[in-house]
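Here is a set of questions about one protein model. Each asks what lies behind a label, and each reply sets a value against a cut-off.

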Amino acid sequence: MKSPPLHLSTPHIYSTIINRSYSLFHFMALIALLYYRLSSFLLQNPTLPYLLLFASELLLSFIWLCSQAYLWAPVSRTPLPQRLPENKELPAIDVFICAADPKKEPPVEVMNTVLSAMALDYPPEKLSVYLSDDGGSSLTLKGMREASAFARSWLPFCRRFGIKNRCPKVYFSSLEDDLIHSRSMEYEEEKEKIKKEYEKFKESVKMAEESEENAIDHPPAIEVLHDKSDKEIPLLVYVSREKRPHQPHHFKAGALNVLLRISGILTNSPYILVLDCDMYCNDPTSARQAMCFHLDPEISSSLAFVQFPQKFHNISKSDIYDAQLRTLFVIRWPGMDGLQGPILSGTGFYMKRKALYGNLPLKDVEQLKQSFGLSNDFIMSVHHINQHNLHDNKESSSKPFQLQEAQFLANCNYEKQTLWGKQIGFLYDSVVEDYFTGFILHCRGWTSVFCNPSRPAFLGSATTTLNDTLIQGTRWNSGLMEVAISRYCPFIYALSRMSLLQTMCYGYLALQPLYSFSLWCLATLPQLYLWNGIPIYPKVASSWFFIFAFVFLGSFFKHLEEVVSSGGSIQTWWNEQQIWMIKSVTAYTYGSIDAMMKWVGLRKASFVPTNKVSDEGKFTLYQKGKFNYQTSTVLLAPIVALVILNMVSLVGGVARMLVTGTWKHMFGQVFLSLYVVVVNFPVIEGMLMRKDEGSVPVSVSILSLILSLTFLYLGSIVL
């Protein structure tokens, strides 16, 4: 008898019809524009700025074409956990939590994430929690010891009363669970007792902060804080891998690979949950939901990971920085789920361990050692995962010889002359290890699914300042560009390894940093021509003008339709327009430059974690929906200069039109400049109207004005 499915998959038929119809008409309009531009070349001698403008339009059209793959066949999935087997038949799970800097990632917040993971609604004997401390911080280790002690009270309390908010910080600041137990005197007494213990726990961790020093040069350290002797509490392990200034450590991917090896000899669970240190478990049932996909006989054999969306607890109503990444998790990932599955997203995913071990032959012991390293214990764990039933995992142990072997596995020289980071584990060729690792997994034939339940499975801390948003965006786009210019470029490497539509999805993100080139051209060159009174778009009365208008307005209103249909507002749509332009001019530009410099060997890869500590003044501006422009001049000057350039060219161009009466010829350029100015009104407000701490510094405004006028002057000479 065939086993019933453990989940339901529902195609978005209505959205598919709208998306495909829009794609067809928009594509026809782009072909017409291409014909118009090529015809123009035959009638006149194109200048360099005109050729750059045409190249930017071609690039923008190609990126748009790739983006349509996300809209081709979106689906949504519903897990059916009531159909799961009994607890004793469920597979084991290792939870990996990554921390890097105790100054930017407060240990109390990290421990809340650890405790929420330990309290997952899953058999505790089948759950193990590992924390990677890349800072080698004594404070983080102290916090882990305190968290282990507090867990002995916290976990039984959560199970006894069916607590939903199993992150202590959230639980004690929420009334959600109190509404269920409000009439129970026993519950109130236990809650008060646990609350006092939690306050002591916090104070104990905070007292150690004064003497804290972050170590950038330290040996490996592994400590088992809670073993499997108590079947009611999961295994808890602290891991600080060896780090030396002269040795490459490969950032988060390197830390995850160390956890992969150490957990392999301690627990070797067939499935892994990866969490950022600020991404606490908001729904304790997420593990059971993930198993509905991993154990579903229809898809389990090829399924590598289940991706949950990244959601955040500190998002303001306006979300001016688009910190929730709405387009990714509401539009693109469900679209990829209808293909081969969503892209790996860094945190909140349940991964099959076997998928990370590559497609390597597992019979020759010497070849295994060359691939996986010299640890016999780890080689045996790899053999166990690949040859035995995935529901089996060996009992963990904290015997001294195993901890000694674990330290060997955490040595910074262990990966030399092996395939770690190249074909095995989380991959190193990009600082966005999630995107690149997921890409290679899909190229190898693995699939993934996207699970987006009504109650967020995980909640984290979003960036709430422009500075952190742009630094984070620069890092992401540098990593994406690294892939685009490598031998793993999706349009070259993936075409023979995955479907065309899946390739287009990966290709779109790889090319995303190049939005910067198109935007710089479209926000400067038409304006330069406008300033000099030279038309480059058709007259308003021309039928070609309506083709241009359709392409621009079609994209404009399609974005609006996507936002509104997914529950967003017009304000959300407008905010996304604003931050997209700011990111394109800054983060996309610097990300592209950074990747190019690394490619030619002018600099090394860098990784700076964003700040998880909230500054009250800055956070207040964010809550009010006001941009905070207190960032470096290098990040801020480009967008300010671009806005000033469009303001000057708009005023000069309109004045010239009124004098010469050429508005029909110049309307397209005037409209484009006006659009840039209106979308970036918050920048103008920051320059001219605001006097608070988040306004644009006067020095940046003056520098940007000089850059803009210089460009107009030099451009006029070229034309």
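Buried means under 20% relative accessible area, exposed means over 50%, and partly exposed is in between (1.4 Å probe, protein chains only). This is a predicted model, in which local features need pLDDT of at least 70, side-chain atom pairs count only at pLDDT 80 or more, and totals for chains, interfaces and linings use all residues. Residues are numbered from 1 along each chain as its sequence is written, and side-chain values use heavy atoms, with hydrogens and water left out.

Q: Why does C98 count as buried?
A: The relative accessibility of C98 is 10%. Buried means under 20%. Therefore C98 counts as buried.

Q: What makes C277 count as buried?
A: C277 has 3% relative accessibility. The cut-off is under 20%, so C277 is buried.

Q: Which residues does UniProt list for "binding site"?
A: The unreviewed entry lists K252 and D276. Such positions are given in the numbering used here, feature names are shortened, and annotations may be inferred rather than shown by experiment.

Q: How do you know that these two residues cluster in space?
A: They are spread over 25 residues of sequence, but the largest C-alpha distance is 9.8 Å.

Q: Where do K252 and D276 lie?
A: K252 lies in helix α8, residues 251–266. D276 lies in strand β7, residues 271–276. Helices (H or I, at least four residues) and strands (E, at least two) are DSSP runs, numbered from the N terminus.

Q: What is K252 in contact with, leaving aside neighbours within four places in sequence?
A: Contact means heavy atoms within 4.5 Å. K252 is in contact with C98, D276, G346 and E433. With residues up to four places away again not counted, D276 touches I97, C98, T113, K252, G346 and T347.

Q: Why is helix α9 called largely enclosed by the rest of the structure?
A: Helix α9 spans residues 286–294, and nine of the nine are buried, so α9 is largely enclosed. Among the buried residues are R288, F293 and H294.

Q: What makes R77 and D337 a salt bridge?
A: A salt bridge is a side-chain nitrogen of Lys or Arg within 4 Å of a carboxyl oxygen of Asp or Glu. The closest N and O atoms of R77 and D337 are 2.9 Å apart. That is within 4 Å, so the pair forms a salt bridge.

Q: How do you know that this pair links distant parts of the chain?
A: R77 is in strand β2 (residues 75–79) and D337 is in helix α10 (residues 326–337), 260 residues apart.

Q: Why are R77 and D337 called buried?
A: R77 has a relative accessible area of 17%, so R77 is buried. D337 has 3%, so D337 is buried.

Q: What makes R145 and E223 a salt bridge?
A: Their closest N and O atoms are 2.9 Å apart. R145 is in helix α4 (residues 138–161) and E223 is in strand β5 (residues 221–226), 78 residues apart.

Q: Are R145 and E223 buried or partly exposed?
A: R145 has a relative accessible area of 42%, so R145 is partly exposed. E223 has 24% relative accessibility, so E223 also counts as partly exposed.

Q: How many salt bridges does a search of the whole structure find?
A: The search finds 21. E242 and R244 form one, with their closest N and O atoms 3.0 Å apart. D134, R241 and K243 are linked in a network.
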